[in-house]
Amino acid sequence: MPIATSSQTIGPYWHLLHDKAWSDLTRFGATGDIIHITGTITDGGGNLITDACVEIWQASPPVSETFEGFGRAATNAEGRYTFKTLRPTPLPGPNGPAGNSQQAPHIALTILARGLTKALTTRIYFHGDPGHETDPVLSLIEPQTRRATLIARETKPSVWTLDIQLQGANETVFLEI
Amino acid sequence: MSAPNLTPFRPEIAGTQPDYAANIYGSTALRAPRHAPVRIAQSITETTGPQFRQDRYPGNPDISKVPTGEAQGQRIVVEGHVRDEDGKPVPHTMIELWQANSCGRYHHEGDQHDAPLDQHFQGSGRVFTNAEGKYRYTTIKPGAYPWRNHHNAWRPNHIHYSLFGPGFATRLITQMYFEGDPLLKYDPIYNCIPDEAARTRLVASFELGLTEPEWALGYRFDIILRGRSATPFENDQTPAHAHAHAHDHGNH
Ligand SMILES: [Fe+3]
């Protein structure tokens, strides 16, 4: 049986692909509950990461003619990523619609960068959502205090902030999918 | 539209993917997480993923020239088959490509290597696989370039690849290398993949049959994306397991 091709780092020159428009997931005319998501990415030495490729994907609201559910952003000179998108809604859990698990609203986020041999994947949840207690992914994270590394806070109206640390004392929880 | 396929993708096979922490690759030192990732059961968020329409993301399958002229260097065509771990073709999927010019310099402000830029080479392309999962593009062979990982470090000739496949879990960023490159054995990025056979699969083979007489050399580079597995993951998907897993690998 064939085996999946190995990952290699995206390196420092991936910007040859970069199109600023891709950070706006509403660019094909999507309307609804528009939010901005932003945050900084830092390494284990506290340095801002200014060369990362950050991608988000959300399965809700469902993909449509005007909403592709995917965005890509480059971290800027201050190590910050920013997306404009639609706020997601609750989703069925891994057991599918027939199962009994429901997931709290979330967005999948991937970090690709020089020094990362493969993608780092995590999720963005939204502070204050009542579904966090029973969310099947948040519930897996121990100790519980680390769950906060996945939960964005509304720092200005409709602007949600999630800072990410690749390594160190407050290291973000990354997911193996 | 038909209902989305929610069957999870298979886990990676040990040794065939690099670890995050790799002593030989210096930039991983402050960027590789210390905690092992928490393994989760895949849901619709992971089993589905972005799909790119060719009318919105037009292909650019010949990057060996721009409207004002032809790039310097050895023209090549690269052809390959994108399949999954069951051998099934992955049709109509987007592949993004980027590379240095024939002298080993990227058209990128961050690249300060003392090698000439080429006004006729931008260095990025986009192709889609066809209904049979096959792709093909034309470019020039990229040059080797120095980097500062260690004394006298040079990257082998390579083309960067980005693929999406059918789900968020099939996202793949990789690099294609060239058969016979003497720099491969010294390259930390290539060698941070533990399994030798897996490394070798990143090396494109020269193929006379793909070579176009009087025009371009031909290389083949096939890609395999994760396959779906009917075997559910549920048996070991408990917080206790996730915790033990993280603990076992906590000192990476
Ligand atoms: Fe490169």
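For the charge count I took Lys and Arg as positive and Asp and Glu as negative, leaving out His and the chain ends. The model I was reading is a predicted one.

**Entry 1: charges**

I started with chain A. It carries 13 positive and 17 negative side chains. I then asked how far apart the centres of the two sets lie. They are 3 Å apart. I repeated the count on chain B and found 24 positive and 28 negative charges. Their mean positions are 2 Å apart.

**Entry 2: chain A, fold and size**

I looked up the secondary structure next. Chain A has 12 strands and zero helices. Read along the sequence, the pattern is β-β-β-β-β-β-β-β-β-β-β-β. The radius of gyration of chain A is 16 Å, close to the 16 Å from the globule rule for 177 residues, so chain A is as compact as a globular protein of that length. I noted the span of its C-alpha trace along the principal axes as about 50 × 45 × 40 Å.

I checked burial too. Of the 177 residues in chain A, 60% are buried. I also took the contacts in chain A with a separation of 6 or more; residues 24 or more positions apart account for 64% of them. The accessible surface of chain A is about 6,700 Å². Carbon and sulfur atoms hold 52% of that surface.

**Entry 3: chain B, fold and size**

Chain B has four helices and 14 strands. I compared its radius of gyration with the globule value.

In chain B, 52% of the 252 residues count as buried. Among its contacts with a separation of 6 or more, 72% join residues 24 or more positions apart. I put its accessible surface at about 11,900 Å², with 52% belonging to carbon and sulfur atoms.

**Entry 4: cysteines**

How many disulfides does a search of the whole structure find? I got zero, over all chains. A disulfide is a covalent bond between the sulfur atoms of two cysteines.

The cut-off I used for a disulfide is 2.5 Å between the sulfur atoms.

Cys192(B) counts as buried because its relative accessibility is 9%, under the 20% limit. Cys103(B) is at 35%, so it counts as partly exposed.

Terms used
Residues numbered from 1 in each chain as written. Chains lettered and ligands numbered in written order. Predicted model: local features only at pLDDT ≥ 70, side-chain atom pairs only at ≥ 80, totals over all residues. Heavy atoms only, no water. Helix = DSSP H or I, 4+ residues; strand = E, 2+ residues; numbered from the N terminus. Rg over C-alpha atoms; globule rule 2.2 N^0.38 Å. Buried < 20%, exposed > 50% of the residue type's maximum accessible area, 1.4 Å probe, protein only. Contact = heavy atoms within 4.5 Å. Areas by Shrake-Rupley, 256 points an atom, 1.4 Å probe, with all protein chains shown as cover. Charge placed at Lys NZ, Arg CZ, Asp CG, Glu CD.
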